[in-house]
Amino acid sequence: MTDPSGVPAVGETDAMSAQADPGAGHRGDGPGDAAAAPPEAPSLLRRPDEMEHETIHKSLNAVEKGLAERFLAGRELAVYAENGVRRIGLTTARVLELPESLRRGAACGLPVGEFGPDEDFRLDLQGAMEWARITQAQSVRAAEKASRLFLYGRNLLAGSILRHDPKLRPGDTCVVTNPRGEGLGLGVVVGKFKGTGEAVHPVHDLGRYLREQDLDE
Amino acid sequence: MVDIARPPAGPQVRAWATKHGFSEAFAARLVAVSRAAGADTPLFLDGLLRRPPRYLRVNPLRASPEEVRKRLIARGFETSRVDLDEHVLRIGHAPMSPGATQEHLLGMTTLQDLASASAPLALQARPGEVVADLAAAPGVKSLHIAGDMQNLGALVCVERDAARARALRFNLERGGAACAIIRTEDAAQLPEKGWADRVLLDAPCTGEGTLPKDRKRRRMRGEEIAELCAVQERLLDAADRVLRPGGTLVYATCTFGPEENEVQVARLLRRGYSMQRLPFDRCTGVLLGRGITDWPGHELPAELAHARRFFPGIHPSLGFFVAALRKEDA
């Protein structure tokens, strides 16, 4: 699906594409590092190159004018490779000024997405959280009880959706929020937003932090 | 190899140890520590048998304490503030696990013991600085530091254990710690020297301070202390290497034994470090224990008294040791 300007806006090939297969991305550090480092060298956490920068900005701004700037909110973009995937994080200028040896092999504290197989920008879980803070585009707002169930990996039924972006169509990836508009995860639209049937299937949700790990001291 | 003190156990100590399932040698050490730190020994021993209250800390990168408190009250929680840290809430009645709320998953809160908050408080990280957290998992203190830095600057979080590094990543992600990077390696392998303005080493330790919630630790052996002391020495050397001259090092453990605490800090004092006063001296109105300066088998400088100790039963927390040091200018 494309918007009138012809820029990918919604669906499987743009910023809202969910990270369904973390191992499917491109390998390596990107154009700037491939020649300098031996193949087995750990990845360098670095600024995006010109093409990567443009891909991310275009992808976000195609959804809503000025969205890229709001998404960054004064922070910097970082790119680093991990498990064969080029990941994208939000970071600070000071991090990017650290000696290269400290940035090599490091992961970003706030990852927000990755580059997909077609060099497209894909949001991940925390990217969706950042998204929900700045726009309601491509979003579905669930009622309180449905929000709780979504965090346990349950589907959203049409009757439990308080509001949704009218541009969303079956097959589109969407950000799911609670009644306050706080991001809870990513889903895929599977049906109509009217009636009683299933409307959204979960893809990633914040409940994974509980399901997969003990976070506490 | 560090000398491990083995104070004798008198009849009263032996009786207490037998009654509560502690080894006699360990009980005698606990009594000796409390006396050396000027703590009320009966209160302390009683505190080792009972769980302290639960706490959560509000992540200022995601929400304010007032907002979180209102939201938790609406969910049926009872919470109250504590004087040590304005972002910490003591949990009273809890209708569900505080780690399973939406607020927790949204990164607004972390669960930690009250005393744990003292290490980042002692570090006093500021926006724009370069800070290293050398044994960072599970990342609750790292997130506290990122909050103090207002997400400005660079926070290098280091964790050797890959499984624990995963918890570190999850906590930093949830909390929105954009200023942080994660290195999964032994801190002793860190590249470069003198790049950090501040270093936190909350060192791996025997964990005696967690006795109130972990009965298995009641039969601690001296050999375990010696093993951990070797790890602590190695990590402190790493901390010394990455800290810039004039920078601040905070050393903390959740254990009582002076061999793992004051004796380790004394090594750095002999290298020209100096003790710094901590920005707190009490917890919930009760004065904290002072650092120990008299312990069998070790010569400990008087300035170690500036370190602080949390004692279960005396303070409403698990046991904890924290010291702040300044590295000599070049």
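**Entry: α7 and α8 of chain B**

I began with α7(B) and helix α8 (residues 162-175) of chain B, which pack at an angle of about 30 degrees with their axes 9 Å apart. That angle makes α7(B) roughly parallel to α8(B). I noted the classes: angles under 35 degrees count as roughly parallel, over 145 as roughly antiparallel, 65 to 115 as roughly perpendicular and the rest as oblique. Axes are lines fitted to C-alpha atoms, for helices over the stretch in contact, and angles run from 0 to 180 degrees between N-to-C directions. Helices (H or I, at least four residues) and strands (E, at least two) are DSSP runs, numbered from the N terminus.

I then looked up the handedness: α7(B) and α8(B) cross in a right-handed way. A crossing is right-handed if the near helix is turned clockwise from the far one by less than a right angle, and left-handed if anticlockwise.

Which residues make the contact of α7(B) with α8(B)? B:Val140, B:Ser142 and B:Leu143 come from α7(B), and B:Leu168, B:Asn171, B:Leu172 and B:Gly175 from α8(B). Contact means heavy atoms within 4.5 Å. By class I have four nonpolar, three polar and no charged residues there. Ala, Val, Leu, Ile, Met, Phe, Trp, Tyr, Cys and Pro count as nonpolar, Asp, Glu, Lys and Arg as charged, and the others, Gly among them, as polar.

**Entry: what I am reading**

This is a predicted model, where local features need pLDDT of at least 70 and side-chain atom pairs count only at pLDDT 80 or more, while totals for chains, interfaces and linings use all residues. Residues are numbered from 1 along each chain as its sequence is written, chains are lettered from A and ligands numbered from 1 in the order in which they are written, and side-chain values use heavy atoms, with hydrogens and water left out.

**Entry: α1 and α2 of chain B**

Next I took helix α1 (residues 11-20) and helix α2 (residues 24-36) of chain B, whose axes come within 9 Å and cross at roughly 120 degrees. That makes α1(B) oblique to α2(B). The crossing is right-handed. On the α1(B) side I listed B:Val13, B:Arg14, B:Trp16, B:Ala17 and B:Thr18; they meet B:Glu24, B:Ala27, B:Ala28 and B:Val31 in α2(B). This contact has six nonpolar, one polar and two charged residues.

**Entry: α9 and α10 of chain B**

Helix α9 (residues 222-242) and helix α10 (residues 262-269) of chain B have axes that come within 10 Å and cross at roughly 35 degrees. α9(B) passes α10(B) in a right-handed crossing. Among the contact residues are B:Cys229 and B:Leu236 of α9(B) and B:Arg267 of α10(B). I counted three nonpolar, two polar and four charged residues by class.

**Entry: chain A against chain B**

How many residues does each chain give to the contact? Chain A gives 44 and chain B gives 44. Together the chains bury about 3,600 Å², 56% of it on carbon and sulfur atoms. Buried area is the accessible area (1.4 Å probe) that two parts lose on being put together, summed over both.

Five salt bridges run between the chains. A salt bridge is a side-chain nitrogen of Lys or Arg within 4 Å of a carboxyl oxygen of Asp or Glu. B:Arg62 forms one with A:Glu130, with the closest N and O atoms 3.9 Å apart.

**Entry: backbone details**

The peptide bond from B:Ala137 to B:Pro138 is cis, with omega near 5 degrees. I found B:Pro138 in the loop between β5 (130-133) and α7 (140-148) of chain B.
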